[in-house]
Amino acid sequence: MEEQLRTLAKMQRLDDQIGSLRLLQQTLPQELNELIEHVDAATANLLASEGERAEVGRKQRSLESDIKLHGEQIKKYATQLSEIKTNKEYKALNSEISYLKDKISELESQELVLMDAEAELKKRVEQDKAELEQAEAAKRAREGELRKKIESLEAEIESIRAERNKLAHTLPPNLVKQYGNMIKNKNNCAVVYAVNGACGGCGFVIRPQIHIELQMRSKVNFCESCGRILIERFDDI
Ligand SMILES: [Zn+2]
C-alpha cells in the first residue's frame, strides 16, 4: 500500500511540473508579444515625430521663400521710388514697402516659433530613436530563446505526461480515475499532504484517528472536506 501512496505522490509531483509548464505556455507568448508590441509602438512613435519634424521643415521653407519674395519686391519698389514724379504715387509706393516690411517681420517671428518647435522635435526624434533601439535590442536578446522555449513546451509536457501515465498503470484503475478527476476539477491538485495536523489542500483539521492512519500508510485516505487524496509527506518525494 505504501508503494501506491508513493506512486500517487510521484504522479502529483509530475502533474505539478505539467502545471508549471502550462502556465509558461500562457506567460511566455505574452512576454514575446510584449517585446514585439514595444518595438511596434516605438516604431510608430518615431515615424510620428519624424513626420511632425518634416512638416515643420516644410513650413520653415515656405516661410523663407515668402520672406525672400517680399524682400525682392521691396528692392523692386525701392528702385521705382527714384523714378516717381508725384507725391501721391510716392506715398502709395512707400506704404506698400512698409506693408511688406511688416509682413516680413511677422513671418520672421513665425519662423522663430518654428525654430523652437524644430529644436524640440529634433530632441524628440533622438529620444524616439534611442527608445526604438532599446526595444529592438531587448527583442533580439530574448526572442530566439522565447520562441525555442515555447516550441519545446508541448514536447516537455508530453514527456512528463507519459512518465506519469506509466506510473498510473501500476495503480488500480478506479484510483487512477479518481486521481484524474481531481487533477481536472480540483485545480490540478489530487494529492495533498498533512501540514501541521490539517489538510494541505483546504486547511481542514485532520481527526486524530485519520492522522494515525496517515502515519501507518496502510490505506488511501481522502480529506473529509475537499475529497483529495491525503498523505503523510514522504521525505524523498
Ligand atoms: Zn482538504
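Me: Why is arginine 217 called partly exposed?

Reply: Arginine 217 has 17 C-beta neighbours inside 10 Å. The cut-offs are 20 or more other C-beta atoms within 10 Å for buried, 12 or fewer for exposed, and partly exposed in between, with C-beta atoms placed from the backbone. A count of 17 is in between, so arginine 217 is partly exposed. By the way, this is a predicted model in which local features need pLDDT of at least 70 and side-chain atom pairs count only at pLDDT 80 or more, while totals for chains, interfaces and linings use all residues. Residue numbers start from 1 along each chain as its sequence is written.

Me: Where does arginine 217 sit, and what makes its backbone worth a look?

Reply: Arginine 217 lies in the loop between α4 (208-216) and β3 (221-222). Helices here are DSSP runs of H or I with at least four residues, strands are runs of E with at least two, and both are numbered from the N terminus. Although arginine 217 is not a glycine, its phi is positive, about 55°. That positive phi comes just after α4.

Me: Which class, buried or exposed, does asparagine 196 fall in, and how do you know that?

Reply: Asparagine 196 has 8 C-beta neighbours inside 10 Å, so it counts as exposed. Its place is in the loop between β1 (191-195) and β2 (198-199). Asparagine 196 is also a residue other than glycine with a positive phi, near 50°.

Me: What makes α4 "hardly covered"?

Reply: The count of buried residues among the 9 residues of α4 is 0. Histidine 211 is found in this helix. With 16 other C-beta atoms within 10 Å, histidine 211 is partly exposed.

Me: Which residues does histidine 211 touch?

Reply: Leaving out residues up to four places away in sequence, histidine 211 touches Ala194, Gly197 and Ile206. A contact here means that the C-beta atoms, placed from the backbone, lie within 7 Å. Alanine 162 is another matter: histidine 211 and alanine 162 are 49 residues apart in sequence and 33 Å apart in space, C-alpha to C-alpha.

Me: Why are α1 and α2 called roughly antiparallel?

Reply: Helix α1 (residues 2-81) and helix α2 (residues 87-168) pack at an angle of about 165°, with their axes 3 Å apart. The axes are lines fitted to C-alpha atoms, for helices over the stretch in contact, and angles run from 0 to 180 degrees between N-to-C directions. Under 35 degrees is roughly parallel, over 145 roughly antiparallel, 65 to 115 roughly perpendicular, and the rest oblique. The angle of about 165° is over 145, and α1 and α2 are therefore roughly antiparallel.

Me: How many residues of each kind make up that contact?

Reply: The contact of α1 with α2 has 40 nonpolar, 13 polar and 29 charged residues. Nonpolar means Ala, Val, Leu, Ile, Met, Phe, Trp, Tyr, Cys and Pro, charged means Asp, Glu, Lys and Arg, and the others, Gly among them, are polar.

Me: What makes glutamate 34 and leucine 47 exposed?

Reply: Glutamate 34, found in helix α1, has 12 C-beta neighbours inside 10 Å and so counts as exposed. Leucine 47, also placed in helix α1, is exposed with 12 other C-beta atoms within 10 Å. Glutamate 34 and leucine 132 are 98 residues apart in sequence and 14 Å apart in space, C-alpha to C-alpha. For leucine 47 and aspartate 66, 19 residues apart along the chain, the C-alpha separation is 29 Å.

Me: How do you know that the chain is more spread out than a compact globule?

Reply: First, its make-up: the chain has 4 helices and 4 strands, running α-α-α-β-β-α-β-β from the N terminus. Its radius of gyration is 40 Å, well over the 18 Å that the globule rule gives for 237 residues, so the chain is more spread out than a compact globule. The radius is taken over C-alpha atoms, and the rule is 2.2 Å times the number of residues to the power 0.38. The C-alpha atoms fill a box of roughly 130 × 35 × 25 Å along the principal axes. Buried residues make up 12% of the 237 residues.

Me: Which domains are assigned, and what separates their centres?

Reply: The assignment gives domain 1 (19-171) and domain 2 (175-231), with bounds from an automatic or database domain assignment. Taken over C-alpha atoms, 61 Å separate the two centres.

Terms used
Two residues are in contact if their C-beta atoms, placed from the backbone, lie within 7 Å.
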